[in-house]
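Biologist: I have a model open and would like to go through it with you. Can we start from the inside and work outwards?

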Amino acid sequence: MTSLGVGLAGCNMVYESSGMMASLLGASFEAMLIDDEMLSQVYRTLRGIEVTEETLGFEAIKEAVYGEGHFLGGQHTMDAMQRDYFWPSKLTDRQQPSVWEEQGSLDMWQRANTRVKEILAEHQPVYIRPETDAEIRRKYKILLEA
């Protein structure tokens, strides 16, 4: 979380801030995903809190005071939750402990490992157009399958 201090100081690029392990001697796909989630929170913090007539919500306050006595069902509250709250990715488990136990008691590293395997199995980017690949293969002895 030292990235938060760096960001608050005004830096907008930090190398090796994601996935690095063992004092930068190694990297981990799982750590990349976990760090991505933490850095997303840093970015949300750096965005700051917008203070306008709309975000202050004086009308919502009056409705709560003179109405039901709370903000829980108000549209202003719902909009603010969508706009201002950081919603962690799939790695953070926000379930009750009993539900977490029923679902296998996976820690964040285990959840990240599962997600890494999914990404590696599903993500098959095409960096070279098929025609370009075919032309390269005609000119050179390429040993890798297309």
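Biologist: Which residues make up the largest nonpolar core?

Modeller: Leu33, Ile34, Leu91, Ala112 and Val116, five residues, form the largest nonpolar core. A nonpolar core here is a set of buried Ala, Val, Leu, Ile, Met, Phe, Trp, Tyr and Cys residues joined through side-chain atoms within 4.5 Å. Buried means under 20% relative accessible area, exposed over 50%, and partly exposed in between, with a 1.4 Å probe and protein chains only.

Biologist: Which helices each supply at least two residues of this core?

Modeller: Helix 2 and helix 7 (108-122) do. Helices (H or I, at least four residues) and strands (E, at least two) are DSSP runs, numbered from the N terminus.

Biologist: Before more detail, what sort of model is this?

Modeller: This is a predicted model, in which local features need pLDDT of at least 70 and side-chain atom pairs count only at pLDDT 80 or more, while totals for chains, interfaces and linings use all residues. Residues are numbered from 1 along each chain as its sequence is written, and side-chain values use heavy atoms, with hydrogens and water left out.

Biologist: Fine. What is Ile34 in contact with, leaving aside neighbours within four places in sequence?

Modeller: Leu91, Met108, Trp109 and Ala112 are the contacts of Ile34 on that count. Contact means heavy atoms within 4.5 Å.

Biologist: And how far is Thr92 from Ile34, C-alpha to C-alpha?

Modeller: Their C-alpha atoms are separated by 8.8 Å, and the two residues are 58 apart along the chain. Thr92 sits in the loop between helix 5 and helix 6 (97-102). Leaving aside neighbours within four places in sequence, Thr92 touches Glu37, Met108 and Arg111.

Biologist: Is Thr92 buried, exposed or partly exposed?

Modeller: Thr92 counts as partly exposed because its relative accessibility is 27%.

Biologist: Now the whole chain. How many helices and strands?

Modeller: Eight helices and two strands. From the N terminus on, the order is α-β-β-α-α-α-α-α-α-α.

Biologist: What about the radius of gyration?

Modeller: The chain has 23 Å, whereas a compact globule of 146 residues would have a value near 15 Å. The radius is taken over C-alpha atoms, and the globule rule is 2.2 Å times the number of residues to the power 0.38. Along the principal axes, the C-alpha atoms fill a box of roughly 80 × 40 × 35 Å.

Biologist: How much of the chain is buried, and what is the accessible surface?

Modeller: Of the 146 residues, 16% count as buried. The accessible surface is about 11,900 Å², with 59% of this belonging to carbon and sulfur atoms. These areas come from the Shrake-Rupley method with a 1.4 Å probe, and for residues only the protein chains shown count as cover.

Biologist: Change of topic: how many salt bridges in the whole structure?

Modeller: A search finds eight, a salt bridge being a side-chain nitrogen of Lys or Arg within 4 Å of a carboxyl oxygen of Asp or Glu.

Biologist: Which residues are linked in a network of them?

Modeller: Arg44, Arg47, Arg83 and Asp84 are. Asp84 bridges to Arg83 with the closest N and O atoms 3.0 Å apart. Asp84 also meets Arg47, at 3.7 Å from N to O. Asp84 lies in helix 5 (residues 75-84) and Arg47 in helix 2, so this pair ties together parts that are 37 residues apart in sequence.

Biologist: What about Glu135 and Arg138?

Modeller: Their side chains form a salt bridge, 2.7 Å from N to O. Both are in helix 8 (residues 130-139), three residues apart, about one turn of the helix. Glu135 is partly exposed at 34% relative accessibility, and Arg138 is exposed at 62%.
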